[in-house]
Amino acid sequence: MNLTRKKIVFSITLILLAVIMVLILGSTGGSEQVFLLNMSSNNKSDNLSNRQVYLGGQPIGVEIKPNGLLIEGILPVVTKEGVETPLSECDIKKGDLLKKINGIEVNNSEDINKIMQTADVNNIQLSLVRNGSLFNSTAKAAKDSISGEYKLGLSVSDATDGIGTLTFIDTKDGRYGALGHPISEVYKKDGTTNVSGFICDANVFSVYKGEKNRAGELVGNLVKEVKLGTIDTNETQGIFGEYTGDTSSLKKINVASHKNVKPGKAQIVTSAFTGKPTYYDIEIIKACKQEKDKPKGILYRVTDERLIKLCGGIVQGMSGSPIVQKGKLVGAVTHVFLADSTKGYGTYIDWMIDK
């Protein structure tokens, strides 16, 4: 009898506690939301840790187009009356992006020549972008004494190319990430990160060693006939697009969140010097705490004497080289110290995935 009463009292107590908890939760929806957000964050970290990608490390050629024409310089024009600089009075600078002439889009030098053939040479309307902001300028063309054509005296480029390193290819959708930093010449020139271009095979046939106050460099050429993928995004953490090359010989590797990166031993992966992915030892000096997309998350030092002997540590063209710790991809090489080419920065792989 006493035992039964104790069970009843215990049951009632549990019911009352449950009711009180419901009332408390109902009146403190903010606390519940915080709890759910924390759980969501943890799940994201777990999902990243379960992700698998193809490991990069191979040098690639990069050709990227800036959605317009990059101004490389203002040139004089030799006329019968003497040397003139048609754009001397215009507020046009190197690095500006030329979008239109007389309302017509321009994507190469031929577009400019075609427009100039029928244009009012005393009233040329130029539409340009500087730091993401559109502005207009009016110019007069000058007649070249040799060709007889009217010219603006513009030196322009319709593409930027160079050598970098592939970081990874996502096994789930075939998108790749490379470089770990933007191609600054075209980064957000028109206010967006959207670009066009391609990555291709690259031949590295020499290397300039890094010296104090001078960065070294991989020397090679682009093999444009061997396309490896498209470029559609150029942003703070690198270039991204669809990979169309062969992945059958590439190694798969798990990805680790920045929260798992610790000071200590790690490796850089590159095939620039051996023709195959080779691991070189580094020491992570500092793993910066970051909760959002930022550069320079990993401070490291090259400790592998092989790499130091080959190129002095880190050189231009190695940007994007995977950083591996405890057998997992954690980041990519992005910067080298000019004062000491054995030291540099890397970005966390978190900020490159799903771009």
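**View 1. Here's the lining of the second largest pocket, sorted by residue class.** In this predicted model, that lining splits into 10 nonpolar, six polar and four charged residues; Ala, Val, Leu, Ile, Met, Phe, Trp, Tyr, Cys and Pro count as nonpolar, Asp, Glu, Lys and Arg as charged, and the others, Gly among them, as polar. The pocket holds about 400 Å³ of space. Of its 20 lining residues, Gln58, Leu250, Ser271, Gly275 and Pro277 sit closest to the centre. Strand E15 (residues 196-208) supplies the largest share of the lining, four residues. Strands are DSSP runs of E, at least two residues, and helices are runs of H or I, at least four, numbered from the N terminus.

**View 2. Now for the largest pocket, with about 660 Å³ of space.** Ile163, His181, Gln316, Gly317 and Ser319 are the closest to its centre, out of 27 lining residues. Strand E13 (160-170) is one of the elements giving two or more residues, and E13 gives the most, five. The lining comes to 13 nonpolar, 11 polar and three charged residues. A pocket here is an open set of points on a 1 Å grid over the protein atoms alone, where a 1.4 Å probe fits, with protein on both sides within 12 Å along at least five of seven lines; lining residues have an atom within 4 Å of a point. Volume is the space filled by probe spheres set on the points, joined across faces, edges and corners.

**Notes on the model.** Residues are numbered from 1 along each chain as its sequence is written, and side-chain values use heavy atoms, without hydrogens or water. Local features need pLDDT of at least 70 and side-chain atom pairs 80 or more, while totals for chains, interfaces and linings use all residues.
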